[in-house]
Amino acid sequence: MLALSKDENPTIFQKTLGLNDFYFAGNGSDYPLGNIQMVGKSQAQMYRGEKPGQTKLAPEWTLERVAKHAVDFWLSTEDLPMPENRVTVDGDGKLTLSYTATNDKPKKELNEQLKSMLHKLHMEQDHLFHRFAYMKNEIPVAGVAHQAGTCRMGADPATSALNAECRAHELDNLYVVDTSVFPSIGAVNPALTAMANALRVGDHLFERMGTSAAAATAA
């Protein structure tokens, strides 16, 4: 998202702030909306490259002026898991992607939430666009940045590959601790969650190995 400030925005390192006030239900919503954060500062030439057909006739100075007043946001909502959303492969090796979005409504409402706060940020309240100089810039399914899932943890072997400790249901000595274990991808970058879960599983393994060693010694 791109907003136009009344004042120029000389920021160079803009991606330094984020808020999770709307990450969970509440604040006027019965369900989670997602995360709002800053994104890298846009430049005039980026508008040209993103949508060359729509900016072809725009004088360079107009794009530069937009860039000087631009404040860029990144909005993320959780894409909930659905059994129908999957990648399948047939006997000939052909891959088929089946996908239906589950977050269209939260995405729209999170956008409205951001718009409602702009006047407090000294911006033009009506000047919030889907990267308006780009005309629209939503990441498509092909634009994968943080891969998660495919080896999810859960209580039921019929619907999960791993148990709650990230151990394979069928194998006693196989553990998985990367982002493939996530039941769903949240609305924030997953790295810290992956690290925290790895530490949790590490503690479980340490305790388990210690118990096994003690039992072997006693025997």
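**Group meeting talk: cores, patch and pairs**

Let's start with one side chain, lysine 115. Its relative accessibility is 26%, so lysine 115 counts as partly exposed. One caution before we go on: this is a predicted model.

What does lysine 115 form a salt bridge with? The partner is glutamate 112, and the closest N and O atoms are 3.9 Å apart. Glutamate 112 is partly exposed too, with a relative accessible area of 38%. Both residues sit in helix H4. They are 3 residues apart there, so about one helical turn separates them.

Some background. Side chains of opposite charge can pair when their charged atoms come close.

How many salt bridges does a search of the whole structure find? The count is 3. We have seen one of them, lysine 115 with glutamate 112.

Stay in helix H4. Aspartate 104 and lysine 107 also join their side chains in a salt bridge, at 3.8 Å from N to O. Again the spacing is 3 residues, about one turn of the helix. Aspartate 104 has a relative accessible area of 45%, which makes it partly exposed. Lysine 107, at 31%, is partly exposed as well.

Now leave that helix. Aspartate 172 forms a salt bridge with arginine 208, and here the closest N and O atoms are 2.5 Å apart. Where do the two residues lie? Aspartate 172 is in the loop between strand S7 (123–129) and helix H5 (191–218), while arginine 208 is in helix H5. The pair therefore ties together parts that are 36 residues apart in sequence. Both ends are partly exposed: aspartate 172 has 46% relative accessible area, and arginine 208 has 29%.

Next, the inside. In soluble globular proteins, nonpolar side chains tend to be buried together. How many residues does the largest nonpolar core have here? It has 12. Among them are Met1, Phe22, Leu33, Met38, Phe73, Leu110 and Met123. Which elements each supply at least two residues of this core? They are strand S3 (35–38), strand S4 (70–76) and helix H4 (104–117).

Zoom in on leucine 33, a member of the largest core. What does it touch, leaving out residues up to four places away in sequence? The list is Phe22, Tyr23, Ser76, Thr77, Pro106, Glu109 and Leu110. Two of those names, Phe22 and Leu110, are also in the core.

A search of the whole structure finds 1 aromatic pair. Tyrosine 23 and phenylalanine 24 form it, edge-to-face, at 5.2 Å centre to centre and with 75° between the planes. Is phenylalanine 24 buried or exposed? It is exposed, with a relative accessible area of 59%.

Last stop, the surface. Val87, Val89, Leu95, Leu97, Tyr99 and Val141 form a nonpolar patch there. Together they have about 590 Å² of accessible area. Strand S5 (86–89) and strand S6 (95–98) are the elements that give two or more residues to this patch. Take leucine 95, which sits in strand S6. Why does leucine 95 count as exposed? Because its relative accessibility is 61%, and the cut-off for exposed is over 50%.

Conventions:
Residues are numbered from 1 along each chain as its sequence is written. This is a predicted model: local features need pLDDT of at least 70, side-chain atom pairs count only at pLDDT 80 or more; totals for chains, interfaces and linings use all residues. Side-chain values use heavy atoms; hydrogens and water are left out. Patches are made of residues with over 30% relative accessible area and no salt bridge: like charges are joined within 9 Å, nonpolar side chains (Val, Leu, Ile, Met, Phe, Trp, Tyr) within 5 Å. Accessible areas come from the Shrake-Rupley method with a 1.4 Å probe; for residues, only the protein chains shown count as cover. A salt bridge is a side-chain nitrogen of Lys or Arg within 4 Å of a carboxyl oxygen of Asp or Glu. Helices (H or I, at least four residues) and strands (E, at least two) are DSSP runs, numbered from the N terminus. Buried means under 20% relative accessible area, exposed over 50%, partly exposed in between (1.4 Å probe, protein chains only). A nonpolar core is a set of buried Ala, Val, Leu, Ile, Met, Phe, Trp, Tyr and Cys residues joined through side-chain atoms within 4.5 Å. Contact means heavy atoms within 4.5 Å. Rings of Phe, Tyr and Trp (its six-membered ring) pair if their centres lie within 6.5 Å; planes under 30 degrees apart count as stacked, over 60 as edge-to-face and the rest as tilted.
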